Amino acid sequence: MRYTEPVATLDVDVLVEVPGPDRLDVLTPIYEFCRARNFVVEGECIRVGAWPVRFIPVFSPLTAEALRQARETSFEGAPIRVVGADHLAVIALSVGRSKDFERVLALLNNGSASRSIVEELAVKHGLTAAWQRFQTRFLNE
């Protein structure tokens, strides 16, 4: 919602860095913390106010870098950190679903993400082939 036109979404994704990534249950401490404070668990989400929140552990050097470089802002008066549009575009590129490609296009088309920075990040994080396929399919018309 920060970088493009609002789209229908079922939840808020929160990228988190957790210790012990070698464990299968890396999110258990977060769920326990939230349950102890009477937050409701709904499937893979935790309801925080009106929003179901899905916690996503850092899963690659790209997402770790995105989290480190996130900028602080506020949402409904609460301080939050938001991943930059260029990183969001490359993360979406790495996931590679149709809706992810739509997100990359939206971020590029409205100027939130820079084509040159997205390319630099794609190369840096081993996604050169994915970026080239995306360009051929969507940008080289």
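This is a predicted model: local features need pLDDT of at least 70, side-chain atom pairs count only at pLDDT 80 or more; totals for chains, interfaces and linings use all residues.
Let me start with helix 1, residues 28-36, whose buried residues are Ile30, Tyr31 and Cys34; buried here means under 20% relative accessible area, while exposed means over 50% and partly exposed is in between, with a 1.4 Å probe and protein chains only. Helices (H or I, at least four residues) and strands (E, at least two) are DSSP runs, numbered from the N terminus.

Residues are numbered from 1 along each chain as its sequence is written, and side-chain values use heavy atoms, with hydrogens and water left out.

What do the buried residues of helix 1 pack against? They pack against strand 1 (12-16), strand 2 (40-42), strand 3 (45-48) and strand 4 (51-57), where contact means heavy atoms within 4.5 Å. Just after helix 1, Asn38 takes a positive phi of about 65°.

Strand 4 is also the place of Pro57, which is partly exposed, with a relative accessible area of 24%. Leaving aside neighbours within four places in sequence, Pro57 is in contact with Leu15, Val16, Val18, Val26 and Leu27. Pro57 and Pro19 are 38 residues apart in sequence, and their C-alpha atoms are 9.8 Å apart in space.

Now to the cysteines: Cys34 counts as buried at 6% relative accessibility, and Cys45 counts as buried at 8%. If a disulfide is taken as a pair of cysteine sulfur atoms within 2.5 Å, the count comes to zero disulfides.

Next, the nonpolar cores, each a set of buried Ala, Val, Leu, Ile, Met, Phe, Trp, Tyr and Cys residues joined through side-chain atoms within 4.5 Å. The largest has 24 residues, and those with the most contacts inside it are Leu93, Val104, Leu108, Ala113, Val118, Trp131 and Phe134. At least two residues of this core come from each of helix 2 (61-68), helix 3 (85-95), helix 4 (98-109), helix 5 (115-124) and helix 6 (128-139), and helix 3 gives the most, with six residues. A second, separate core of 10 residues includes Val18, Ile30, Ile46 and Phe55. As background, in soluble globular proteins nonpolar side chains tend to be buried together.

Let me turn to the aromatic residues. The structure holds four aromatic pairs; rings of Phe, Tyr and Trp (its six-membered ring) pair if their centres lie within 6.5 Å, and planes under 30 degrees apart count as stacked, over 60 as edge-to-face and the rest as tilted. The rings of Trp131 and Phe134 have centres 5.8 Å apart and planes at 20°, so this pair is stacked. The rings of Phe134 and Phe138 have centres 4.9 Å apart and planes at 40°, so that pair is tilted. Phe101, Trp131, Phe134 and Phe138 form one aromatic cluster.

Finally, His125 is found in the loop between helix 5 and helix 6, and apart from residues up to four places away in sequence, His125 touches Pro61, Leu62 and Glu65.
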